[in-house]
Amino acid sequence: MAKLTSLFVILLSFFCISEAVFEDQVGKFDWRQQYVGKTLFAHFESNTQSSKKMFVATDKNIFASFNSRTGDLLWRHVDKTGPEGSIDILLLHGQDALMVVGDGRLLRSWDTNIGGLNWEAVLDTGSFQAACFVAIQDTVKLVAVLKKAAISLHYLSNGHQKWVENLPDSDAVQYQAVYSGGEEEVYVLGVVPNSHLTIIAYSLEDGEIIKQRSVEASWLSSIESSCVVVGQGVLMCVDPATLALYTLPIQAEETPEFSQILLQSLDLEVFPGFQPVLVSSQPHPARSPLSEFFLQLGPDHHVLLQLNADGYTIAPLRDFQPAFLVSFATTGKKTVAAVMTPKNETVSCPLGGVSPCSGWCLALWCVVSPCGVSPCGVSPPQLYVHAFLKKDDSVGYRVLVQTQDHALTFIQQPGRVVWTREEALADVVTMEMVDLPLTGTQAELEGEFGKKADGLFPMVLKRLSSQVTLLQAWLAHLWKLFYEARKPRSQVKNEVTIETLSRDEFNLQKMMVMVTASGKLFGIDSKSGSILWKHYLENVQPNAAFKLIVQRTTAHFPHPPQCTLLIKDKDTGLATLHVFNPIFGRKSHIALPALPRPILQSLLLPVIDQDYAKVLLLVDDQYKVTAFPSTKNVLQQLQEMASSIFFYLIRSDQGNLSGFRLRKDLSTERIWEVVLPTEVQKIVAVKGKRPNEHVHSQGRVMGDRSVLYKYLNPNLLAVVTESTDTHPERAFVGVFLVDGVTGRIIHEAVQRKARGPVHFVHSENWVVYEYWNTKSRRNEFSVLELFEGTELYNSTVFSSLDRPHLPQVLQQTYIFPSPITTMEATLTEKGITSRHLLVGLPSGAILSLPKMFLDPRRPEVVTEHSREENLIPYAPEMPIRTEWFINYNQTVARVKGIYTAPSGLESTCLVVAYGLDIYQTRVYPSKQFDVLKDDYDYVLISSVLFALFFATMISKRLAQVKLLNRAWR
Amino acid sequence: MLLHGRLSELCIFLQAMFVFACCFSDIESGPIATSGSVQPNGDRFKLEGRAIVPGVKTQDWISSARVTVEGEEYIGFMRTDGSFVVNDVPSGSYVVEVISPGYKFEAVRVDITSKGKMRARLVNFIKTSEVIRQPYPLQLRSSGPHTYFMKRETWGWTDFLMNPMVLMMVLPLLIIVLLPKVVNTNDPEMRKEMEQSMNMLNPNPELPDVSEFMTKLFSGSKSSSNKAVGGSKASGRPAVKRR
């Protein structure tokens, strides 16, 4: 009983210690930005002027709905990553959005109004080729899905399959297109490359083959890339070799072959080396497509053509050059063709050139590109047009442009940009937080302390003058406050611009430099989340690896801060450097070293050159070292220190871990090697300690007043391996603690019946790792803590070369009731504050778990000593409390990384979680002990003070009266 | 202390010397292929269920909810009526969870045999083999909204008054004020008795009363200080004269 109560008391105390968000703090220090990724398909809701919704499917397997007026996300559905969740096609009909997912695995229908699923149907196996709506008697009731070897029809209302048919001779024929023009048949088009074209007509009723024929087409290799259907079911193909258009009526059986129209006869010329592209539009699945279509002849040259009623001849309607992108959109009975032209180009672009109306009208509009050709240099790959009927029955349009740098721009009719979404931020690879620069006055004040004393009197004068400037600044601030208080609140906007950026009192506001996979760099203000600068690196390969290094911080005024981005091509291993100013995003013009060989490793040394930039060493595949910057001063310093510079290399494919030492001539020397045989296990990850981490206390005071000293080896590496055997009985996870200088294996822990993915944190004297227990089918946390014992071997200096005793290792394991996606530890300025682990969960929550719960000294039996040490009794299962979610309901989908940075306040740690979304907040692992809390009750304190003051006054007076009365008596 | 500082400094120095850069070595802790890779003709089953949030319309919460099976291994979405299906799940044992940022749902463990027989049971990570059956198809009922926020300690008069310290102060005060009114002080017998009791309380009558001492100090300080100033002036002048 006593044990139980003590447990309860201790738990209660922890409940009090661990922090949580208060409801009134929502959005005060934190913000979230939600992204979806690069758009693959986009559709707009019904074509009225007031409609606000648009729907996109992206390369991140996300189906989302935006408010088209503001660009805000209405709802979003995040599917599995990888090919199993990839979206093959998105079709929209009325309220229903139809989606084929996972290379023809599933067919889903969404209710776009509320963002819920209507139904989900499993499709037969086979890779997806095409899909289209099928109408029966003018109403769209079915959807046809064409796979590699089968075609199936599904009801739109419930997803049930109407019929499925195997395609004849599917080994030889590549079926690539399906077409329905509102008749009783659905046509499947297949091609045997460079031989012939196959057309099969299926009956809608029962899937019977009505007719089947093949047409000679030796020039045709792919229907997808070179053919479209135009007019009354006429297949239109373009052949870049013969420079001709080919037409073939699909339905008509009497025409046995394609008829050829040479482009020359239409006075059209193809840009040399360009593959011509056809663009057509089928406004309604129950009708046949438009007879007007675009032909792209060059990168910026489009022609609008029309197929005449006879189905054989073509009439050119208009020529557009320069024009980057074209697209069709339909509203009611009117169809709009949008042409995107670069800015400041005079193009003959009459508004509303209408073709002869025959039920369908064609109106032409020109969209002016949001950025001209040269300044942004980004050719927009996709254009989506939302056309709608205005009240006066004229056609209005809005345009969505997806550019190569993953920016999504929405443009109103006069070419005005309504909103822009930076979707590149959906895939942040790495980031750093950089201190903001001091303002001019602040810098001046700081400068006063740095200089050598030049006499007493000038110093006093300087002191006084700086105080005056401070007073001035304060008065100006007060005046501003007063001035703004008079204005209505809506007008007051604290616009953050690069010019007004300056460090705040406690260094809580920083610049977040984010590197995205698309090669676009962003500078984001950590307080508001607004993007202050962006820079697109155009020649970055899609599979490049990035490493961001802060070479010079803002502390070295007047030298600007300097960041270096190392970009490495994963295939060739060749690296390039991009040096920039992290505050303004501008590229620095510094002579970059030539890097002709693949780079294996990079290391940032604490050595600084005469301009206060830290030295970056790059090791190439011949173990030669390149220094950047490589001035004479730096090389001299390197020579002096060479004997104490060590580095390590890992080759996971060979299971090889090796350590090197730098020689005076900047060549290297291998000093140790550890081989983990790749037949048994592979190295999954290696982590050292963070260089900016501070450990405040050298040991822990035990219950009996003795001290247990921590084993604080700054050179310690944690190496995690996984077994190659994935059988649940034989799989294991290994953790090796290796000294990076000597190669000595300090400790080795093997978790049997366990497999990855392993997430781990290595900090101070502990390693926390998480793995999957295959036997009990649960996630487990394990903590390793290293102690030197009750005596320090050498308390003045730590040297890896002189440490004869191995540390004592304590380990404990706990059950964690949820899988995790990422893990990081909080970091503070001096390391006095207790540590928390920040754990990203698949639900999008970020759990702040006190490190005290992961302490291998948690006792099973509570004793006097353990109670004095404040150890929590051991419990096998780790709690997850929703109060510990630092991001409350602001979930971060697919958390990929958590970045922690210290602030100027010891109690406060800045946290950025990134994945699909970006979330920034502050955490106080030991509560805010160094500043007044934001809910500090000033009113109460001052009222009590005043009350006491008046009470003393009154009682004094009363006492005087009493004394007087007594004297008279 | 000095030793301490130097030690940590050296540590940092050494640490910085040996720079840990886990950069372009070939390690990538990227996604690891799941063991259940796609089998072209393997037996795949579907998991069915329904989730209910009492008192909330389905359209208000389903757009932000989803169903996860064993982390994010398999994902299902909510239908407009609150039911869900997760397709393409091979046989095995899975923890199925409805995840919603607004509402709390219990997780359920679902076992699928190789023949496709389903069984749902409570999740117990400690005794993993324990079976407490749950209905299948799953019936998940939300136990209410998540509690993300701590309550602020608000300040109220009742809290203040009910504070034990305040109670300890207020009660004697009441006694002091009320007792003289209850007890007739004009009665000489009573007075005698009280004096006696006071004497008993104050064992040493020689000791000065603290309150009296304080009043003396504060009321008398002005005049005494004035006098002192005057005295110093008076004594200062002759000194000047003497020079």
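So, let's start with where the two chains meet: 61 residues of chain B are in contact with 98 residues of chain A. Do keep in mind, everyone, that this is a predicted model.

How much area do chain B and chain A bury between them? The value is about 7,200 Å², and 62% of that lies on carbon and sulfur atoms. If you're wondering why I quote an area, the size of an interface is often given as the accessible area lost when the parts come together.

Between chain B and chain A the count is one salt bridge. Which residue of chain A does Asp88(B) pair with there? The partner is Arg105(A), and the closest N and O atoms are 3.0 Å apart.

Let's look at chain B's side of the interface. The elements giving two or more residues to it are helix 1 (2-17), strand 3 (74-77), strand 4 (83-89), strand 5 (92-99) and strand 10 (149-150). Helix 1 of chain B gives the most, with eleven residues. Sorted by class, the side of chain B that touches chain A holds 34 nonpolar, 14 polar and 13 charged residues.

Please find strand 10 of chain B again, as I'd like to finish there. Strand 1 of chain A, residues 21-22, pairs with strand 10 of chain B over two bridges, in the parallel sense.

Conventions: Residues are numbered from 1 along each chain as its sequence is written. Chains are lettered from A and ligands numbered from 1 in the order in which they are written. This is a predicted model: local features need pLDDT of at least 70, side-chain atom pairs count only at pLDDT 80 or more; totals for chains, interfaces and linings use all residues. Side-chain values use heavy atoms; hydrogens and water are left out. Contact means heavy atoms within 4.5 Å. Buried area is the accessible area (1.4 Å probe) that two parts lose on being put together, summed over both. A salt bridge is a side-chain nitrogen of Lys or Arg within 4 Å of a carboxyl oxygen of Asp or Glu. Helices (H or I, at least four residues) and strands (E, at least two) are DSSP runs, numbered from the N terminus. Ala, Val, Leu, Ile, Met, Phe, Trp, Tyr, Cys and Pro count as nonpolar, Asp, Glu, Lys and Arg as charged, and the others, Gly among them, as polar. Two strands pair if DSSP finds at least two bridges between them.
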